[in-house]
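Here is a short briefing on a predicted model. Please keep the sequence and the 3D view open while reading.

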Amino acid sequence: TESTQLGTAAEAFAPSNIALCKYWGKREAELNLPINGSLSISLGELGSRTSIVESDSGSDQVYLNDKLIEPTDRFATKVISFLNLFRRELQQPVVIKTVNNIPTAAGLASSASGFAALMLAINDFYRFGLGNEVLSAFARMGSGSASRSVFQGFVEWQKGLREDGMDSCAQRLDLEWQGFRIGLLKVATGAKKVDSRAGMQRTVESAPLYQAWPEQAAKDLQTIKRAIEDKDIELLGQTAEQNALSMHATMIGSWPPLLYWQPESVAAMHRVWELRALGVPVYLTMDAGPNLKLLFTAEYEAQVRDAFPELTDLDLVAPFG
Ligand code: 2P0
């Protein structure tokens, strides 16, 4: 059925983000309350745009990248159950459309930007007038990393202490770094992965190495903040790379083992280390998938492009414009 717009409508954009100090492990799974704090960089114009309009079609409709999604599909049910946290029972059905402009080639997950954009659109649509930190805490309930996608720039998600989670929200750090660059290096496709929720749970429950993680993450977070203040790419890169590989070590030490890397991932890691051995300060980070993200500064962009010719203009992100 065609749906027509009845008046109320809202639209919002939120960026994707890459964690430099990773979120891995929940202390409470319903609210996505993390065991450790994390710190990320948002990806500027790369992210999700979400619109909500009233509908007269009698039921909710969910679109992703201009395609109508089956109401029973996992994506649609997640979107609608999130909306239902904020919607009173007899309210009008809606049409929700999300478009991701993250190059699909980059192999980035979009749940962070997707839930952040949806939360911002809900705030407008129902005229809640909530502040950014409350919006961040609410976006967190959709997906933990969405708490960080409410903001641009460098963002810290504080784990918080409260049981209701309202202090587990992100804040933008008052730090800019014009020359900071990220390269989205897609190295492999396919290989059905364990989602982050299940992966975290398995790690927390079964990996002895996980014991050491919360303390390391807390320390890395402070070091990375200092490195950003000092615009020290070596300190930032080294800490972020070690943080990511330590997170992966906890996953590998889970049972059954959880290895998100493909052979191509390991090959690309060696290429990063070879380039670094030649004197180029380039570092890697990885999330719950096989792809790499490169961290470097503008002065070395030419060398990074030469060494990784598969990086297109769209894969190179300047988060501060
Ligand atoms: C991060 N990841 O800090 C970490 C590093 C993946 C590896 O946040 O279960 O999709 O929805 O809270 O936010 C991805 O996990 O997980 C993630 P849920 P989410 O970016």
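A helix crossing is called right-handed if the near helix is turned clockwise from the far one by less than a right angle, and left-handed if the turn is anticlockwise. By that rule, H2 passes H3 in a right-handed crossing, while H5 passes H6 in a left-handed one.

**H2 against H3**

- Helix H3 covers residues 132–142, and its axis lies 9 Å from that of H2.
- The two helices pack at an angle of about 130°, which makes H2 oblique to H3.
- On the H2 side, the contact uses Phe115, Ala116, Leu118, Met119, Leu120 and Asn123.
- On the H3 side, Leu135, Phe138, Ala139 and Gly142 meet them.
- By class, this contact has 8 nonpolar and 2 polar residues, with no charged ones.

**H5 against H6**

- Helix H5 spans residues 213–229, and helix H6 spans residues 233–252.
- Their axes come within 9 Å and cross at roughly 160°.
- Angles over 145 degrees count as roughly antiparallel, so H5 is roughly antiparallel to H6.
- H5 brings Trp213, Gln216, Ala217, Asp220, Thr223, Ile224, Ala227 and Ile228 to the contact.
- H6 answers with Leu235, Leu236, Thr239, Ala240, Asn243, Ser246 and Thr250.
- The residues in this contact comprise 8 nonpolar, 6 polar and 1 charged.

**Isoleucine 102**

- Where does isoleucine 102 lie? This residue sits in the loop between strand E7 (94–100) and H2.
- Is isoleucine 102 buried or exposed? Isoleucine 102 counts as buried because 20 C-beta neighbours lie inside 10 Å.
- The cut-off for a buried residue is 20 or more such atoms.
- Beyond its neighbours within four places in sequence, isoleucine 102 is in contact with Ser16, Leu46, Gly47, Leu108 and Ser110.
- Glutamate 45 is 57 residues from isoleucine 102 along the chain, yet their C-alpha atoms are separated by 8.8 Å.

How values were computed: Residues are numbered from 1 along each chain as its sequence is written. This is a predicted model: local features need pLDDT of at least 70, side-chain atom pairs count only at pLDDT 80 or more; totals for chains, interfaces and linings use all residues. Axes are lines fitted to C-alpha atoms, for helices over the stretch in contact, and angles run from 0 to 180 degrees between N-to-C directions. Helices (H or I, at least four residues) and strands (E, at least two) are DSSP runs, numbered from the N terminus. Angles under 35 degrees count as roughly parallel, over 145 as roughly antiparallel, 65 to 115 as roughly perpendicular and the rest as oblique. Two residues are in contact if their C-beta atoms, placed from the backbone, lie within 7 Å. Ala, Val, Leu, Ile, Met, Phe, Trp, Tyr, Cys and Pro count as nonpolar, Asp, Glu, Lys and Arg as charged, and the others, Gly among them, as polar. A residue is buried if 20 or more other C-beta atoms lie within 10 Å of its own, exposed if 12 or fewer, and partly exposed in between; C-beta atoms are placed from the backbone.
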